[in-house]
Amino acid sequence: NTGVATTDLYGKCTKTHSGTSAAAPEAAGVFALALEANENLSWRDMQHLTVLTSKRNSLFDSKNRFYWTMNGVGLEFNHLFGFGVLDAGAMVALAKQWKTVPARYHCDAGSSTDPRRIPHNKSLFLTIETNSCAGTETEVNYLEHVQAVITLNATRRGAVQLFLRSPMGTRSMILSERINDDDSQDGFTKWPFMTTHTWAENPRGKWTLEAEFIKGERQEGFIKE
């Protein structure tokens with residue numbers, strides 16, 4: 001029942017302004033304070049500061065579906081809440097001493113192009129081994145954004161769930177059940193699914209994509225690429 005006190009429609013005021021409509025401007029204000037403390041911060045610096053200073057506080061999933069988990073370098077995350085609540089004081093303090101991160105590099109880990117059927121009653125696992133472009137100009141040693149670009153189709157697209165497991169063991173949900181998605185024709189074509197839950201991990205090793213159908217009516221589907 002908490003909210004932000006602010007102006008409202010029709011010349012009125014409200015004390016219950018909430019949701020992303022309230023969170024986005026609040027976050028913008030916090031980021032502005034950090035930029036005021038250090039005008040040299042880049043958009044990637046801001047993301048690093050957000051990850052490193054956010055707090056779990058008392059956030060939890062009331063439906064007991066998603067729990068707080070530590071990734072491979074000890075950063076806590078939750079599928080619903082990301083890395084937690086912004087901490088303006090901690091972010092500004094860190095911003096004052098922050099040195100801009102090095103250049104960003106993109107590394108293609110490889111692909112799997114053999115069509116694979118998704119079983120109706122268990123998970124399908126696909127793996128890719130990568131050296132993260134070691135020895136090249138685009139070598140990646142610390143992760144920021146990870147994308148799995150996927151082509152699949154299913155008798156009910158909304159019944160498909162996807163997970164990505166990193167070499168350091170972090171399991172990220174990159175596609176959840178969508179109860180109103182009844183597509184059976186289009187599927188996904190070279191669709192990028194992204195996670196930041198593996199932030200700062202070393203990407204070298206085996207990546208695993210897990211695909212499954214939710215429990216219920218029998219479905220059929222294939223991952224093509």
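A: The account below starts with the helices, passes to a charged pair and ends with the strands.

The model is a predicted one, in which local features need pLDDT of at least 70 and side-chain atom pairs count only at pLDDT 80 or more, while totals for chains, interfaces and linings use all residues. Residues are numbered from 1 along each chain as its sequence is written, and side-chain values use heavy atoms, with hydrogens and water left out.

Helices (H or I, at least four residues) and strands (E, at least two) are DSSP runs, numbered from the N terminus. Two packed helices are described by the angle between their axes and the distance between the axes. The axes are lines fitted to C-alpha atoms, for helices over the stretch in contact, and angles run from 0 to 180 degrees between N-to-C directions.

Helix H3 (residues 88-96) packs with helix H2 (residues 43-53) at an angle of about 130 degrees, the axes being 9 Å apart. H2 and H3 are therefore oblique to each other; angles under 35 degrees count as roughly parallel, over 145 as roughly antiparallel, 65 to 115 as roughly perpendicular and the rest as oblique. On the H2 side the contact (heavy atoms within 4.5 Å) is made by Met46, Leu49, Thr50, Leu52 and Thr53, and on the H3 side by Ala90, Met91, Leu94 and Ala95. By class, this contact of H2 with H3 holds 7 nonpolar, 2 polar and no charged residues. Here Ala, Val, Leu, Ile, Met, Phe, Trp, Tyr, Cys and Pro count as nonpolar, Asp, Glu, Lys and Arg as charged, and the others, Gly among them, as polar.

H3 also meets helix H1 (residues 20-37): their axes come within 8 Å and cross at roughly 25 degrees. H1 and H3 are therefore roughly parallel to each other, and their crossing is right-handed. Val30, Phe31, Leu33, Ala34 and Ala37 of H1 meet Ala88, Met91, Val92, Ala95 and Lys96 of H3. The contact of H1 with H3 has 9 nonpolar, no polar and 1 charged residues.

Side chains of opposite charge can pair when their charged atoms come close. A salt bridge is a side-chain nitrogen of Lys or Arg within 4 Å of a carboxyl oxygen of Asp or Glu, and by this rule the count comes to 10 salt bridges. One of them joins Lys55 to Asp87, with the closest N and O atoms 3.0 Å apart. Lys55 lies in the loop between H2 and strand S3 (69-70), and Asp87 in the loop between strand S4 (76-77) and H3, so the pair ties together parts that are 32 residues apart in sequence.

Turning to the strands, two of them pair if DSSP finds at least two bridges between them. Strand S1 (residues 4-7) and strand S2 (residues 13-17) run antiparallel and are joined by 3 bridges, with Thr6 opposite Thr14 in S2. Tyr10 takes a positive phi near 60 degrees in their hairpin, which has 5 residues between the strands.

An open sheet of 4 strands, paired antiparallel, has the order S6-S11-S8-S9. Its edge strands are strand S6 (124-130) and strand S9 (171-175), each pairing on one side only. Strand S8 (residues 160-165) pairs with S9 in the antiparallel sense over 4 bridges, and Arg165 stands opposite Arg171 in S9.

How values were computed. Left-handed = near helix turned anticlockwise from the far one by under 90°.
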